[in-house]
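Please examine the structure shown here before working through them.

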Amino acid sequence: MLDLLKADLKRAIKDRLFIVLCIIAGAFAVITPLLYKGMLVLLEWTMASTEGLEMFELTMTAKSMFFGTFSFGGDFGLILPIFVAIILCKDFSNGTIRNKITCGKSRRSIYFSLLITCSILTCAFMLAHALLTLLVSLIFFEYQSTPFSWGDFGYLMASIGLQLLCCLFVCALLTFFIVFMKNAGLAIVMYFVVSFLMTIVGSITQTMVMPVPPDEIAYNVLEFFNAANVFMSSIIGSGTTYQLKELLYFLLPTVAFTAIFVTLGLVAFRKKDLK
Amino acid sequence: MSYLLETVSLSKHYKKQWVLKDVNMHVAKGDIYGFVGENGSGKTTVIRLVTGLIAANEGHVSLFGVRDDDPKILESRKKVGAIVESPSIYLNMSAADNLRMQCTILGIKQNVEEKVKNVLSEVGLLEQYESKKNVANFSLGMRQRLGIGMALLGEPEFIILDEPMNGLDPAGIVEIRELILRLNGEKQITFLISSHILSELALVATKYGIISKGKIVKEITTDELRRECRPSVIINAKDKEALRALVGEVVPLEDCFMTAHGVRVYGEVNLNELFSRIINAGILMESVYCNKPSIEDYYLSLIGGGNHA
């Protein structure tokens with residue numbers, strides 16, 4: 001398996017799209033804080049009252065920018081799966097997946113190698129892009145409106161861990177579609193259909209939970225849907241601490257769905273005819 | 001006899017349509033097995049089944065004595081090199097990088113550069129060793145050679161080549177043919193080569209498997225095939241019984257076969273003597289044909305696509 005993983009990572013890094021992805025990640029990380037800073041300057045010029053501006057400044061922090069970009073609903077989070085899917089699918093389009101099977105590698109190890117490569121690429125790019133955005137944002141904005149403490153640092157680390165778990169779920173889903181469709185275009189379409197559906201559902205449940213429903217069961221169900229929705233990642237980075245209940249609501253379904261998609265992918269790949 | 005590759009009642013269907021039915025194939029160690037069949041006859045499907053790319057609906061494959069439902073089949077596959085349909089190569093990499101990548105997949109860690117160089121030299125692509133030219137810019141023939149090189153990297157005991165001569169120029173065909181013969185002779189590597197160009201296969205194969213419409217029509221050795229395709233003389237006469245009796249006296253029995261209107265005589269026969277004796281016996285000959293069927297004629301007679309004399 002290690003040989004396959006080494007080969008998959010090697011070919012991903014040698015791919016031109018990898019360089020393009022690096023450039024895009026760097027550019028987005030610089031441009032996003034600059035744009036917000038520009039907006040702020042423009043607002044200072046145009047706004048008559050300083051009240052609205054202060055509100056805007058309060059929400060415009062490096063922390064909010066970091067969590068805004070470190071999400072699959074953000075600009076880079078939308079682009080990244082497309083690139084990763086195209087890079088990984090080249091094994092199917094070039095027919096090089098056949099080399100692995102004909103030389104005696106098991107389908108399980110080939111699948112896990114693809115999944116791990118997908119996870120390493122996705123997690124590394126998401127994290128690098130978000131951290132770079134945070135660094136650039138700190139030039140123009142405060143980290144948060146209150147002074148930074150060790151508690152905030154712990155919260156930041158926990159949030160990064162949770163977001164990386166989201167990445168693993170996304171990678172399990174993407175790898176499943178890649179091996180099931182054997183085609184980058186179709187895999188990307190399927191991935192976006194699922195992610196958009198989940199985003200729409202997330203938006204609806206978030207709206208419904210805003211005026212707290214009188215029924216406690218309904219409230220809990222909606223809260224569960226909100227926390228469990230990986231594509232909204234609404235619990236990550238939105239506060240200053242995590243409640244055990246919301247952590248459980250988030251962790252259990254994410255881990256369960258990751259396991260389900262990995263299993264489904266393995267079963268699909270074991271039975272798949274490769275031409 | 002134990003075979004290096006054996007398929008037993010191998011069958012495969014797609015959406016209720018059988019593309020292979022009861023395929024029984026036998027490849028012994030040291031064979032160069034020519035797998036012949038028309039386009040769409042099922043050659044590539046058999047190769048995909050043998051290499052584990054697809055699963056059979058019925059029957060099984062045995063590779064080095066291990067059945068494909070045994071987990072040890074993966075160990076057997078490590079002794080196989082294969083090109084299935086088209087060479088499987090990374091188009092955005094150079095030839096040497098493709099081979100290095102295959103070394104990584106195969107877990108080859110020692111003497112990688114030497115191996116890459118040797119393989120490139122063996123398939124006539126040594127000039128590509130230091131070249132950065134992407135394989136995407138290679139001709140079909142160059143890709144085919146590189147594909148063969150990839151199959152050679154793991155030092156396999158058994159190489160499966162699906163239409164290896166496709167896209168090669170005449171010089172390339174000769175080189176690949178010589179490479180196959182050399183590897184078979186020097187390293188005792190067994191080959192399974194599929195092709196629909198019989199004349200090309202005839203120059204290397206030691207055994208043939210003829211497939212048509214998803215069924216193996218015949219397995220035949222080169223010697224048997226030669227015997228089937230040796231020249232013959234067909235003599236038809238009114239009194240065919242007398243003719244048969246007389247020819248039977250002159251020609252050894254194993255070379256003499258009855259036909260509907262006379263006899264067919266194989267082998268080296270003194271025709272002058274034979275005809276003199278027929279005339280002297282007063283047998284009136286209606287017609288005499290000389291027949292030297294080609295391998296193609298024989299093949300067509302088997303698959304029912306032509307008139308074999």
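**Exercise 1.** Determine which residues of α5(A) meet which residues of α7(A).

*Solution.* Step 1: on α5(A), the residues are A:F76, A:G77, A:L80, A:V84 and A:L88. Step 2: their partners in α7(A) are A:L114, A:T117, A:C118, A:L121, A:T122, A:F125, A:M126 and A:H129. Contact requires C-beta atoms, placed from the backbone, within 7 Å; helices (H or I, at least four residues) and strands (E, at least two) are DSSP runs, numbered from the N terminus. Step 3: sorted by class, this contact has nine nonpolar, four polar and no charged residues (Ala, Val, Leu, Ile, Met, Phe, Trp, Tyr, Cys and Pro count as nonpolar, Asp, Glu, Lys and Arg as charged, the others, Gly among them, as polar).

The model is predicted: local features need pLDDT of at least 70 and side-chain atom pairs pLDDT 80 or more, whereas totals for chains, interfaces and linings use all residues. Residues are numbered from 1 along each chain as its sequence is written, and chains are lettered from A and ligands numbered from 1 in the order in which they are written.

**Exercise 2.** Classify the packing of α7(A) (residues 107-140) against α11(A) (residues 244-271).

*Solution.* Step 1: the angle is about 135°, and the axes lie 10 Å apart (lines fitted to C-alpha atoms, for helices over the stretch in contact, with angles from 0 to 180 degrees between N-to-C directions). Step 2: α7(A) is therefore oblique to α11(A), given that angles under 35 degrees count as roughly parallel, over 145 as roughly antiparallel, 65 to 115 as roughly perpendicular and the rest as oblique. Step 3: A:R107, A:R108, A:Y111 and A:L115 of α7(A) make the contact with A:V262, A:G265, A:L266, A:F269 and A:R270 of α11(A). Step 4: these residues divide into five nonpolar, one polar and three charged.

**Exercise 3.** Describe the largest nonpolar core.

*Solution.* Step 1: this core has 131 residues, and those with the most contacts inside it are A:A85 and A:L174. A core joins buried Ala, Val, Leu, Ile, Met, Phe, Trp, Tyr and Cys residues through C-beta atoms within 7 Å, buried meaning 20 or more other C-beta atoms within 10 Å. Step 2: helix α8 (residues 150-181) of chain A gives the most, with 14 residues.

**Exercise 4.** How many residues does each chain bring to the contact between chains A and B?

*Solution.* Step 1: chain B brings 26 residues and chain A 22 residues. Step 2: on the side of chain B, α3(B) provides the largest share, five residues.

Methods:
Two residues are in contact if their C-beta atoms, placed from the backbone, lie within 7 Å. A residue is buried if 20 or more other C-beta atoms lie within 10 Å of its own, exposed if 12 or fewer, and partly exposed in between; C-beta atoms are placed from the backbone.
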